[in-house]
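My plan is to look things up one at a time and write down what I find.

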Amino acid sequence: MIFNQFSRKQKLFIFLFGIFLTNAIIAEIIGVKIVSIEKSLGFSPLGLITPWGNTWDFNQTAGALNWPIVFITSDIINDYFGKKGVRFISYTTALFIAYSFLIIYLATLLVPADFWLQVNNSNNFDINNAFSRIFRQGLGIITGSLTAFLVSQMLDAMVFEKIKSRTGQKHIWLRATGSTLISQLIDSVLVIGIAFYFFGNWSLGQWMNVSFNNYLYKFIIAILFTPMLYLAHYLIELYLRPESD
């Protein structure tokens, strides 16, 4: 098989790139939905009144659900393939995200089959309109997503490299968690700000609310995933060892 001609490190890169790409595209597609964390857990919204007069609830984008996996995978790729590897997957993934948005948009323009509308017309439900409203993301969301993705990825790689240059191979948690926490703050603020504040009709309070909640979730996940990061490095070293012997 052709795949057997690749080295273990090449196979590792393909596997990690697959995880990175899949989670990035999924997060971008589902990110248009804003979810209530309290209601999802069976509680009433927090309803905290902020000093600037708006209500603060734990609302965040659904895209935050698996977004930490993107940055964790990016850090692992940075460890084994360097900044050039991260730059390659970032630019390539951005192109695939743009391509995905284009194909999905074209799909919403296609005329639906009559029988498909009829069999899904319970309670006057317009499935074609629902399909278009869910999947057709506006220019603001696309611009915000791609801008935040590229800026945060480049920042993550830069901070990761600076920490690694000072600590060497030690302190995996410091370079991975430190770079992730800084880059995801920028990502959270940028994507919401561009998509829903500058291009949309959100208030400043709504922008800050959802951005902070997104970051808080990513912060917690980054900390909780630290043991998983060490496990991933351990398994990768075991996988690569036979080739280096």
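**Entry 1**

I started with charged pairs, working in a predicted model. The side chains of Asp79 and Arg175 meet in a salt bridge, with 3.1 Å from N to O. I checked where the two partners sit. Asp79 is in helix α3 and Arg175 is in helix α7 (residues 172-198), and 96 residues separate them, so the pair links distant parts of the chain. Asp79 is buried, and so is Arg175.

Next I looked for other partners of Asp79. Asp79 also forms a salt bridge with Lys164, where the closest N and O atoms are 2.8 Å apart. This pair links distant parts of the chain too: Asp79 in helix α3 and Lys164 in helix α6, 85 residues apart. Lys164 is buried, as Asp79 is. I noted that Asp79, Lys164 and Arg175 are linked in a network of salt bridges.

How many salt bridges does the structure hold? I found three. Asp187 and Lys218 make one of them, at 2.8 Å from N to O. Asp187 lies in helix α7 and Lys218 in helix α8, so this pair ties together parts that are 31 residues apart in sequence. Both Asp187 and Lys218 are buried.

**Entry 1: the overall layout**

I stepped back to the whole chain. The protein has nine helices and four strands. From the N terminus on, I read the order as α-β-α-β-β-β-α-α-α-α-α-α-α. The C-alpha trace spans about 65 × 55 × 30 Å along its principal axes.

Of the 245 residues, 44% count as buried. Among contacts with a separation of 6 or more, 76% are between residues 24 or more positions apart. The accessible surface comes to about 13900 Å², and 68% of that belongs to carbon and sulfur atoms.

I counted charges next. The protein has 17 positive and 13 negative side chains, and the centres of the two sets lie 7 Å apart. Lys83, Lys84, Arg87, Lys162 and Arg166 form a positive surface patch. Helices α3 (67-109) and α6 (139-167) each give two or more residues to this patch. α3 gives the most, with three residues.

**Entry 2: a nonpolar patch**

I turned to the nonpolar surface. A patch there is formed by Phe219, Ile220, Ile223, Leu224, Phe225, Met228, Leu231, Tyr234, Leu235 and Leu238, with about 920 Å² of accessible area together. The elements giving two or more residues are α8 (204-224) and α9 (226-244). α9 gives the most to this patch, with five residues.

I picked out Ile223, which is found in helix α8. Ile223 is partly exposed, with a relative accessible area of 41%.

**Entry 3: Asp57**

Asp57 lies in the loop between β3 (55-56) and β4 (59-61). Asp57 is buried, with a relative accessible area of 15%.

What is Asp57 in contact with, leaving aside its neighbours within four places in sequence? I listed Glu38, Pro45, Leu46, Gly47, Leu48, Asn209 and Asn213. I also checked Asp57 against Thr147. Their C-alpha atoms are separated by 26 Å, and the two residues are 90 residues apart along the chain.

Terms used
Residues are numbered from 1 along each chain as its sequence is written. This is a predicted model: local features need pLDDT of at least 70, side-chain atom pairs count only at pLDDT 80 or more; totals for chains, interfaces and linings use all residues. Side-chain values use heavy atoms; hydrogens and water are left out. Buried means under 20% relative accessible area, exposed over 50%, partly exposed in between (1.4 Å probe, protein chains only). Contact means heavy atoms within 4.5 Å. Accessible areas come from the Shrake-Rupley method with a 1.4 Å probe; for residues, only the protein chains shown count as cover. Lys and Arg count as positive and Asp and Glu as negative; His and the chain ends are not counted. The place of a charge is taken as NZ of Lys, CZ of Arg, CG of Asp or CD of Glu. Patches are made of residues with over 30% relative accessible area and no salt bridge: like charges are joined within 9 Å, nonpolar side chains (Val, Leu, Ile, Met, Phe, Trp, Tyr) within 5 Å. A salt bridge is a side-chain nitrogen of Lys or Arg within 4 Å of a carboxyl oxygen of Asp or Glu.
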